[in-house]
Amino acid sequence: MLNWERISIIIAKEWLELRRSRGLLLSTFLPPTILPLFALALIFAMGLVSDPDTAEIPAAAVDPTLTNLRLEALAQVIFGRQFSTLFLLLPMVIPNVLASYSVVGEKNRRTLEPLLATPISVAELLLGKVLATILPGIGLTWLCALIFAAGLGFVAVDPIVPGLVLNLGWIVLLLLASPLLALISVALTVMVSSRVSDPRSAQQIAAVLIVPVMLLFFGQMLGFFVLNPLVSSVFSAVLLPVAVVLLSIATHVFQRETILTRWR
């Protein structure tokens, strides 16, 4: 039976250490806020250009809802949809950085062993660390998405553009896929952190994490599919067993005996 009071103490401890590390705090949370601003600036620029070739882009050809749009609005919708998928990078990258510094940092400082000497279980310790890293990542992802959604109405050349960009498929991705991607990110980071002594080495796993998001990005751009609730649900359904398996492996790696005997 998990003791949520102990888990909340671990979360508070992790966040306290994060607040004390101002450099890590700024370098992790400040750059993601630039993403929605950059995306809005590019979408605004697309609204100033009338290029006939825009209608020939595969992403425009496969979606009948874009047929009667004027070129400027069409360009905004296409590029807006592409950039909207990049928000899924945030719930992977942010937990990856936080988890690498949390696990590797405690490993190097040898502070995990004293924690394991307390009444807290390994499952509670791991869950506390997982929640402490994924909650900020998911929260910042949704905040940046809200900034993007709010700003889109101001830069759109046609009132129909925000509704076509911020469709239900995108919302399903944010609500379902974001937490699963964050869990996958932390699980892989814990597994790698058990073998390395430098947080930057553990962060290199992020290169693997971006693959599913790039599949969505290029698949939509090349016209292989339109991001709708069905596609988003299938994508999330595929991520679910992956997250479960990786978390199971990470839990095995994070066992008390493994930490005490192998994490050197």
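Author: **The second largest pocket**

This pocket holds about 160 Å³ of space. A pocket here is an open set of points on a 1 Å grid over the protein atoms alone, where a 1.4 Å probe fits, with protein on both sides within 12 Å along at least five of seven lines; lining residues have an atom within 4 Å of a point. Points are joined across faces, edges and corners, and the volume is the space filled by probe spheres set on them.

One heads-up: the model is predicted, so local features need pLDDT of at least 70 and side-chain atom pairs pLDDT 80 or more, while totals for chains, interfaces and linings use all residues. Numbering starts from 1 along each chain as its sequence is written, and side-chain values use heavy atoms, without hydrogens and water.

Among the lining residues are Met 92, Leu 181, Ile 184, Pro 212, Phe 235 and Leu 239. The lining has twelve nonpolar residues, no polar and no charged ones; Ala, Val, Leu, Ile, Met, Phe, Trp, Tyr, Cys and Pro count as nonpolar. Helix α14 (229-253) gives the most, five residues. Helices are DSSP runs (H or I, at least four residues).

Some of these names come up again in the largest nonpolar core: Ile 184, Phe 235 and Leu 239 are among those touching the most other members of its 37 residues. Such a core joins buried residues (under 20% relative accessible area, 1.4 Å probe, protein chains only) of the kinds Ala, Val, Leu, Ile, Met, Phe, Trp, Tyr and Cys through side-chain atoms within 4.5 Å. The largest share of this core, ten residues, comes from α10.

Definitions and conventions. Helices (H or I, at least four residues) and strands (E, at least two) are DSSP runs, numbered from the N terminus. Buried means under 20% relative accessible area, exposed over 50%, partly exposed in between (1.4 Å probe, protein chains only).
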